[in-house]
Amino acid sequence: MLDIQNLHATVNDKPILNGINLQVNAGEVHAIMGPNGSGKSTTAYVLAGRDGYDVNQGHISFEGKNLLDMEPEIRTRAGLFLGFQYPVEIPGVSNMYMLKAALNAIRMHRGEGELDAIDFLQLVKQKARELNIDEKFLYRDVNVGFSGGEKKRNEILQMAMLEPKLVVLDEIDSGLDIDALKVVADGINALRSPERAFVIVTHYKRLLDYIQPDFVHVLSEGRIVKSGNISLADELEEQGYGWIETAPTGTDG
Amino acid sequence: MEMATQNPIQHFSTDQLNHLQDQLNGMHLPWLAERRQHALSRFIETGFPGRKHEEWRYTPTRDIEKHDFKPVTSPTLVDTNVILKHQISNALTLVFVDGFFQPDLSRIDTSALPVTVTNLASALDQFPDLVETHLDSINQNHHGFCYLNSAFFNDGLFVHIPEFTALDIPIHVIHAGSTSDAMISTRNLVIAEQDSSCHIIETWISNDTPRLTNSVTEMIAADNARIEMNNIQDQGNNSYHISTTWSQLANSAQLTHHGFNFGGQLVRNDINTLLGNNAKCRHSGLTVTRHNQHIDNHLRIEHLYPEASSQVLYKNIADDKSRAVFQGCIVVHKDAQQTDSNMSNPNLLLSNDAIINTKPQLQIDADDVQCAHGVTVGELEQSALFFLRSRGLDEHTARNILTFAFANETIQDITSTELKSMVLDKLLTHFPQSAIRVDWL
Ligand SMILES: Nc1ncnc2c1ncn2[C@@H]1O[C@H](COP(=O)(O)OP(=O)(O)OP(=O)(O)O)[C@@H](O)[C@H]1O
Ligand SMILES: [Mg+2]
């Protein structure tokens, strides 16, 4: 589904990603861990197509198409979803409006036609209930005045509404209390299917315990330096990153 | 008599000017005739405010001088459907075309109501003493356009709400017009007696012929009175519009004033509010400029007595090669202790060629006050644009949604739902190909 080949990227002419290779197949869940500043969010932004993140080498294909040729909205309509590490506040735009505009843009792209107001309301309320999100958050401006954890749950609500094929979640677990973490993990698990894949950036093993990823990768200085299964996350929890960073590079995904 | 270098009435001799004045409503009243003559000579002395005039620094009046705008003696009738489209249901409606009152298009039956809502010309006939006492009682004729208005105003709105009376239905004044090169001077007088309240909406529309509308409004709120005023200025793109509003609030009186400016080539709104003891005013506005429009909002709020509060929120959105100007001055006089004042002026620049000029000012002569002001000038937030695109919205729609969101706060302030949706619709016409769906809001 996703094939990242030798990805090099710069931000403000500063090299951040230095040759990432990662293959993600439908049905798989990949976790990416790694020290602060190693390039995890940069990878996520490059995938989503944010301005200012310049790819100067390498290739990314998404379902056989060149992802880097697509505008951000086209990537999303094609099935990519990025859950932000720092969700953006948008004063003056209600959550409900944003969700409706987003869902309908994607449905139009899929040729499904707009959802009518009643069906939409029913759908969004149901999803909100499943994620333990109070209905009143739907009517508030996007993320404005939301607590850290509320913002993260709101990202998961957007994911659940848009039903993407490839979900990239950047530190969706940071700032969540223990119960919210469980709710978010359940939300992710509920979406798991043989047609869908996940790339989950996290610092903590707890989320991975709920999700049981198929692969765990360690990103360091803009490269994947180690890949393994969930037991790698256990090792990292115990020993930190020091022992890996000195290890030889060049592991594949 | 020596004429100022150039003015819209330069082509008229003094005799002709006097003759034009003679045709105005109310000239049978000696006090009014005298005031008009005095104002005319003052105007001829001062001319228009020029660049040297600090308060007019950003808004040159040259273009107005260059045009030969002339007082009109009769209106050119406009398409009634255009006017009907702007009407608000259940309102007392007064329609003026080129400044002339149109009884057939108006709807001001107040026979069942203990209030007076009529055109100023009728009030001059029916209640000359009341008008004489209040007219020009707070208008300080502080620049040439005010003199010009005082010299030539012919009609306008007259409202008198007796004490302890609440007029629940809105009063809606629609100014339309289409006479080319017309100079239209209108005058409004609103008197709200003790513990009374009223709600006024003023809509300005016109076609694309060049014209000058020069309006002066006086609103007098006695103790505990409440006035809400909504101005929607949406004239054609060759309109020059100068509007001066004077409001005086007595003890514990309240004023809510919304100013929405979408149309016009050059627009200047002067808003002056004088606050009594414990009085409250809230001024909010939205200005959207495009092409080469120039819209200037100029506020001056004077805290004269203790414990009054003033809240100002004026937003500007400037696109293309347009210019939006905001000047806001809060004056806190020596005795005005415990003043509470907040002025905010967020600006959104949508184009590199657009210009925003903003000048907030505080003049404080009291020591126990709370005054804050904030100005921001920015473009659309990149992170928000990316966020919306990452949710599947195309860039054009994302920009429109964010621009709309910026403006929306000022619209949500409107109390009448019908007016709110009217202003909303108007704003949405600025986003022609947009996917902003009003039925989703
Ligand atoms: N706009 C920018 N300008 C300059 N440097 C940047 C910019 N954005 C990111 N960087 C740098 O790129 C590097 C990688 O940042 P990135 O956000 O991808 O790290 P991360 O792995 O997500 O870290 P964390 O775990 O703290 O979220 C950091 O050194 C960061 O300072
Ligand atoms: Mg990060």
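Reader: What makes A:Y139, A:R140 and A:D141 contacts of A:S94?
Author: Two residues are in contact if their C-beta atoms, placed from the backbone, lie within 7 Å. Leaving aside neighbours within four places in sequence, A:S94 meets that test with A:Y139, A:R140 and A:D141. This is a predicted model: local features need pLDDT of at least 70, side-chain atom pairs count only at pLDDT 80 or more, and totals for chains, interfaces and linings use all residues. Residues are numbered from 1 along each chain as its sequence is written, and chains are lettered from A and ligands numbered from 1 in the order in which they are written.

Reader: Why is A:S94 called buried?
Author: Buried takes 20 or more other C-beta atoms within 10 Å of a residue's own; exposed is 12 or fewer, partly exposed in between. A:S94 has 20, so it is buried.

Reader: How far apart are A:S94 and A:V142 in sequence and in space?
Author: They are 48 residues apart in sequence and 5.5 Å apart in space, C-alpha to C-alpha.

Reader: Why is chain B called as compact as a globular protein of its length?
Author: Chain B has 10 helices and 20 strands (DSSP runs: H or I, at least four residues; E, at least two). Its radius of gyration, over C-alpha atoms, is 21 Å.

Reader: How much of chain B counts as buried?
Author: Of its 441 residues, 51%.

Terms used: Rg over C-alpha atoms; globule rule 2.2 N^0.38 Å.
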